[in-house]
Amino acid sequence: MTHLLLAAGNTAVSTPSVSYHALAPIFIVLGAAMLGVLVEAAVPRAERFTVQLMVTIVGLVAALVVVGLLHGTRTTTPSPTGNDAFFAGSLSIDGVGLFLQGTVLALALVAALLVSERSVDVGSPIVASAAVVVGSADDRRLTTADRVQTEVFPLMLFAVSGMLIFPIANNLILMFVALEVLSLPLYLMAGLARRRRLLSQEASLKYFLLGAFASAFFLYGLALLYGYADTVDLPGIFTAQQTSGKSDVLLYTGLALLLVGLLFKASVAPFHNWTVDVYVGAPTPVTAFMASCTKVAAFGAILRVLFVGFSSAEWNWRPVIWAVAIASMVVGAVLGLTQTDIKRILAYSSIAHAGFILVGMVAITKQSTASVMFYVLTYGFTTLAAFGMLMLVRDPDGEATQLARWSGLARKSPVVATVMTVLLLSMAGIPLTSGFTGKFYVFRAAWDTAGPLVVIALLSSAVAAFFYLRIVVMMFFAEPPVDSPTIAIPGWAASVALTVGVVVTIVLGVFPQPVIDLASKASYFTG
Amino acid sequence: MLAPYLPILLLFALATGFAVFSVGIAPFTGPRRYNKAKLDFYECGIEPTPQPMGPSRFPVKYYLTAMLFIVFDIEIIFLYPYAVANKALGLFGLVEIILFVATVFVAYAYVWRRGGLDWD
């Protein structure tokens, strides 16, 4: 025993060489999150909000700048050393990874501005003290006090750091860690609504339980793949498919279980059950954050798993992607039709959009990779702004999300109605909006390999267009209710966020070429 | 073949023997003076939290202590192997472990400043 320890003490361990510069965006965001926690500890309550917002914005912008500077990088890190190659090359910083990281950071920046909005509701949309029992005297005091909660910013940064690792993880263990790092803060954030707190806490619990369930699937799949390939590296799994003599059952069961975990995060039907309740219960800016950033990260991970780890098994997973894409589009479009609450409609719309994104993944080409990357970008900005608009239309007890309350809104506030119309038209995929260009590129990329699927996608987007247009018609042509909801004037933060969302939606609809070029230039993997 | 495991088996036997012996001998050697406190539930040596009447909630303060314990427990779990192998790990290991301790320190600072260590 003792000589074993002594032996370990005398041999020098070869240290891995890490490309720190390539991982800088992750370190910056994590550092900002840690700084945020220290701010909570050290800064007096009165200044905390401003300082936290500064830390968040500076951190995200700095990380975004570094991602920009890293463009064109093709590197995997850490590099293999000695005989321990287990984590060698477990992160690959390549075009797809950097593009998606940049997208996550840009979307998170806008979402952070929405979270920091303090003009539309007393305090902020986030509950000041989440641990206070609902309905107690303390709770009633808090709803009218303008005390504000600032822990949400570090939580958000931690989630973003997970989202930055998720799409560049080349190693399934690391991908799992990233999945948890991005999920745990989201579970908490979902329960922080200032109004309708029980609903919010229910959403948080549901998300947590189902998320843990999905994580278990992911882990089981990982274990089976390890059994098949003797490695958890995606390139290693790819090589093993040519060389391994083990049963293919392990491989395909493993891949299927892995995909369940990933599709859950991307809220693809039939793993979408949590989506609607969680999106409705969570505070609206947090919903916006979840609907945009989580989707980008999740589809990034799916893209990498399928296109790097399983590109030679394409014939085996393509039917699965077909099936879940169709299920997702149909569930989103058909169930969206029956809803009477705008937040629920947007949630079902996000399920349908997840299906559209999957359509782009049926063919392994540079073009389809680029189209998926472009689509998540356009969808992210549109959905952020759309959820942000929900914060503005208010009843005395919170947001007026009932569809009936939105009728005749154009008479009360033409600006809100027009902006919402632009966003909804983009979601429906009407030309001159980013939603159209996104859909166009995804469908064009899939057309050669999956013509019938594209036809189904077009049909379901036509069905989905109906419920978007129904909202537009209600806003402009229906009579307003007697006690029509008030339109809150957003403060600078939400104004900037909404403006960015709408401008990106229109610009990428009219003049998408530079971003499409960027996406196609960035559509390379480093395995 | 089994020789290296003999000390472990011996340690097992010793530990079991000690536990059985101390518990077994106590009723015969110790004094018996029963009082109310001795028949009470055991909660870390502190007076048990009274159960509330009716369907109200009761404070669950132990969870904070438990969570903190786990955080620092994990820290120690990583520190011991590092301490054993610190020479071999060299400067890289030192930097890594300092980063790790700093991370836990941030959590500690947060808990301390926000009153997580106060009972009331």
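Which residue stands opposite A:Arg394 in E4(A)? Keep that in mind as you open the viewer. This is a predicted model.

**Stop 1**

Select strand E3 of chain A, residues 393–395. In general, strands of a sheet pair through backbone hydrogen bonds.

Now look at E3 and E4 of chain A. Joining them are 2 bridges, and the two strands run antiparallel. Click on A:Arg394. Opposite this residue, in E4(A), stands A:Glu399. That settles the opening question.

**Stop 2: two helices side by side**

Select helix H3 (residues 45–69) and helix H4 (residues 95–115), both in chain A. Their axes come within 9 Å and cross at roughly 160°. An angle over 145 degrees counts as roughly antiparallel, so H3(A) is roughly antiparallel to H4(A). The crossing is left-handed.

Next, show the side chains where the helices meet. From H3(A), pick residues including A:Thr56, A:Ile57, A:Leu60 and A:Val61. From H4(A), pick residues including A:Leu98, A:Gln101, A:Gly102 and A:Leu105. What classes of residue make the contact of H3(A) with H4(A)? There are 12 nonpolar and 4 polar residues, and no charged ones.

**Stop 3: two cis peptide bonds**

Select A:Thr77 and A:Pro78. A cis peptide bond joins them, with omega at about -10°. A:Pro78 sits in the loop between strand E1 (75–77) and strand E2 (91–93) of chain A.

Move on to A:Ala269 and A:Pro270. They too are joined by a cis peptide bond, and here omega is about 5°. Where is A:Pro270 found? Look in the loop between helix H10 (248–265) and helix H11 (273–281) of chain A.

**Stop 4: positive phi angles**

Stay in that loop. A:Ser267 is also found between H10 and H11 of chain A. Its phi is near 50°, a positive value in a residue other than glycine. Is A:Ser267 buried or exposed? A residue is buried if 20 or more other C-beta atoms lie within 10 Å of its own. A:Ser267 has 26 such neighbours, so this residue counts as buried.

Now select A:Leu432. This residue is not a glycine, yet its phi is positive, at about 75°. Find A:Leu432 in the loop between helix H17 (414–428) and helix H18 (434–447) of chain A. Count its C-beta neighbours inside 10 Å: there are 14, so A:Leu432 counts as partly exposed.

**Stop 5**

Select H17(A) together with helix H19 (residues 451–477) of chain A. Their axes come within 9 Å and cross at roughly 170°. The two helices are therefore roughly antiparallel to each other. On the H17(A) side, the contact residues include A:Ala417, A:Met420, A:Thr421 and A:Leu424. On the H19(A) side, they include A:Ala464, A:Ala465, A:Tyr468 and A:Leu469. By class, this contact has 13 nonpolar residues, 1 polar and no charged.

Zoom in on A:Ala464, which lies in H19 of chain A. A:Ala464 is buried because 27 other C-beta atoms lie within 10 Å. Leaving aside residues up to four places away in sequence, A:Ala464 touches A:Gly332, A:Ala333, A:Gly336, A:Ser349, A:Ala352 and A:Ala428. A:Tyr375 is 89 residues from A:Ala464 along the chain, and their C-alpha atoms are separated by 17 Å.

**Stop 6: a leucine in H20**

Select A:Leu508, in helix H20 (residues 492–510) of chain A. With 25 C-beta neighbours inside 10 Å, A:Leu508 counts as buried. Which residues does A:Leu508 touch, not counting those up to four places away in sequence? They are A:Thr378, A:Ser434, A:Thr437 and A:Val515. Also select A:Gly435. Along the chain, A:Gly435 and A:Leu508 are 73 residues apart, while their C-alpha atoms are separated by 8.5 Å.

**Last stop: chain B**

Switch to chain B. Its secondary structure comes to 2 helices and 0 strands. Chain B has 120 residues, and buried residues make up 1% of them.

Methods:
Residues numbered from 1 in each chain as written. Chains lettered and ligands numbered in written order. Predicted model: local features only at pLDDT ≥ 70, side-chain atom pairs only at ≥ 80, totals over all residues. Helix = DSSP H or I, 4+ residues; strand = E, 2+ residues; numbered from the N terminus. Buried ≥ 20, exposed ≤ 12 C-beta atoms within 10 Å, placed from the backbone. Axes fitted to C-alpha atoms, helices over the stretch in contact; angles between N-to-C directions. Parallel < 35°, antiparallel > 145°, perpendicular 65-115°, else oblique. Left-handed = near helix turned anticlockwise from the far one by under 90°. Contact = placed C-beta atoms within 7 Å. Nonpolar A, V, L, I, M, F, W, Y, C, P; charged D, E, K, R; others polar. Pairing = 2+ DSSP bridges.
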